[in-house]
Amino acid sequence: MAFDLQSSASTPPARSSADSHDAAPDRMHHADPEMVREILEYVADRLLTPEVPLDGLADRDHLAAAISGLIDEHGHDFRDVLNVYAEVLAPTVLSADSPRMFTFIPSAPTKAALLFDMVVSAASLQGISWFEAAGAVIAENQALRALADIAGMPESAGGVFVSGGSAANLSALVVARDTWRRRRQQAGLPDIPLRVVVSDQAHSSIANALSITMMGALVVDTRETDGLLTGSAISRALAREEEVAGVADICAVVATSGTTNAGIIDDIASIGEIARERGWWLHVDGAYGGAGLLDPRLTPRYAGIEQADSVVMDPHKWWFAPFDSAALLYRDPRLAKAVHTQDASYLDVIHEEDTGDLNPSDLAHHLTRRARGLPLWFSLAVHGIGAYRDAVMHGNDLARYAADRISGMDSCALIREPDLSVVLFRRLGWTDADYEAWSRRLLEQQRAFVTSSKWRGETVGRLVFLHPSTTREMIDEVLEALR
Ligand SMILES: Cc1ncc(COP(=O)(O)O)c(C=O)c1O
């Protein structure tokens, strides 16, 4: 539908903005009971829908026409604006939380977490410092502690919820770099350009973080280890590098558990051994797969994560919380505080009293932050970790089911046995265009959203399972479309 500007202007344009400030300045801050009721109804309707529609892709001109003129001097009736959102905009935002979403890394927030996210917004809950927000911070820290315990990190561990895995990786690598630099300074050594050991399967945000922090990468080729980063693969790369440029400039290593594209859990224990020998910072990117620790069948695969200097796990991925929330944990958060604390006289008050408790704002690259860990906290407290375990195990079971079915299909070949809930496969004889048509067809039918990926340069099918309401029948529909 098009937005009818003539009929919906709620305030007649009597004066220009310059001479209209005699109107009540807080007129937009009064709660309109109708608006409260109708928006809550809209939200309730969404929350109570048993299976949200996948929705679809957009035609830009249609969207642009629908919102044209919407923001002007005088505003419009909220019902008209809400209607544009509900009828035109919302259907073009693919539902990351649909149980039929099998691409990228989906999202499947619990209703408890979604509802509490509304509480965080409605109460403008910030989580900057103990001074201002002790109740929010202690609850966020309880949730962080639960994750740290699951990873086996020591009592000293602590951290902060940031906006996403990318922000968490960046903040952790800044601490790795500056901690190393400080040690060199203390030893009277000059500053040098630094490098970090990464796998060729590391998430793209790691390359971004290295570029922002002006660090180089020693990229370990994992072709011989089927995509897995191991201590011995690193040792081989180091031996080669020692002959070329030396390795004295390496300050950290990034392990991934598991990789985004293929769900591979790196061999953290053997990577950690080298990190300890060499005095490197060990960063574990578990943004997607950290929650796999909950699956007792897989916990041993994460051995060594408890030794990490920093670990990332994203609640907005497999910890069933809404966007945007990533847990960044440090073995020694005081190292992060030394690097990230912002120093300004108007902030002295939040730093003056040393209660021994750290301010979340001091532990990453940010200052003002919403208390975005609270939706996870509320949902963990309401449902208990056991419910999380069952939900994560369901995702892994679905991947196993899909992998077995694909292995039994003459038209397909499994690329590798899944470690976690990602399945990569080849549809024999298909071109890129065939994968695209498969994706388009399934979305048009609202059966699934799937996209292809690449494995070692080849276009392949990729399915990710994360939603606990995804059924085997839904997967069968996707696989049928491969025949
Ligand atoms: C392993 C890994 N690290 C980092 C990220 C980036 O996380 P975000 O999209 O929350 O910034 C992702 C995203 O999928 C990921 O899978």
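Mentor: What follows is a set of questions and answers on this predicted model.

Trainee: Which domains does the chain have, and how many residues of domain 3 are in contact with domain 2?

Mentor: The domain assignment gives domain 1 (5-14 + 24-92), domain 2 (115-383) and domain 3 (386-480). The C-alpha centres of domain 2 and domain 3 are 29 Å apart. On the domain 2 side, 17 residues take part in the contact, and on the domain 3 side the number is 16.

Trainee: Into which classes do the residues on the side of domain 2 that touches domain 3 divide?

Mentor: Take the contact between domain 2 and domain 3, to which domain 2 gives 17 residues. They divide into 7 nonpolar, 7 polar and 3 charged.

Trainee: Which helix gives the most to the shell around the ligand?

Mentor: The ligand is surrounded by 14 residues, and the closest are Gly164, Gly165, Ser166, Thr260 and Ala287. By class, the shell has 4 nonpolar, 8 polar and 2 charged residues. With 3 residues, the helix that gives the most is H7 (residues 165-186).

Trainee: How are H3 and H4 oriented to each other, and which classes of residue make their contact?

Mentor: The axes of H3 and helix H4 (residues 78-89) come within 11 Å and cross at roughly 170°. Over 145 degrees counts as roughly antiparallel, so H3 and H4 are roughly antiparallel to each other. The contact is made by Leu63, Ala66 and Ile67 of H3 with Val84, Val88 and Leu89 of H4. Its residues are 6 nonpolar, no polar and no charged.

Trainee: What is the make-up by class of the contact of H14 with H16?

Mentor: Helix H14 (residues 385-407) and helix H16 (residues 472-480) have axes that come within 11 Å and cross at roughly 35°, and the crossing is right-handed. Leu398, Tyr401, Ala402, Arg405 and Ile406 of H14 meet Arg472, Ile475 and Leu479 of H16. By class, that is 6 nonpolar, no polar and 2 charged residues.

Trainee: Where is Gly258, which a cis peptide bond joins to Ser257?

Mentor: For the bond between Ser257 and Gly258, omega is about -5°. Gly258 is in the loop between strand S4 (250-256) and helix H10 (268-278).

Trainee: Which residue does a cis peptide bond join to Phe323?

Mentor: Omega of this bond is about -5°. Phe323 is joined to Asp324.

Trainee: What is the phi of Asp55?

Mentor: Asp55 is found in the loop between helix H2 (33-48) and helix H3 (60-67). Its phi is positive, in a residue other than glycine, with a value near 65°.

Technical notes
Residues are numbered from 1 along each chain as its sequence is written. This is a predicted model: local features need pLDDT of at least 70, side-chain atom pairs count only at pLDDT 80 or more; totals for chains, interfaces and linings use all residues. A residue is near a molecule or strand if its C-beta atom, placed from the backbone, lies within 6 Å of it. Helices (H or I, at least four residues) and strands (E, at least two) are DSSP runs, numbered from the N terminus. Ala, Val, Leu, Ile, Met, Phe, Trp, Tyr, Cys and Pro count as nonpolar, Asp, Glu, Lys and Arg as charged, and the others, Gly among them, as polar. Domain bounds come from an automatic or database domain assignment. Two residues are in contact if their C-beta atoms, placed from the backbone, lie within 7 Å. Axes are lines fitted to C-alpha atoms, for helices over the stretch in contact, and angles run from 0 to 180 degrees between N-to-C directions. A crossing is left-handed if the near helix is turned anticlockwise from the far one by less than a right angle, and right-handed if clockwise. Angles under 35 degrees count as roughly parallel, over 145 as roughly antiparallel, 65 to 115 as roughly perpendicular and the rest as oblique.
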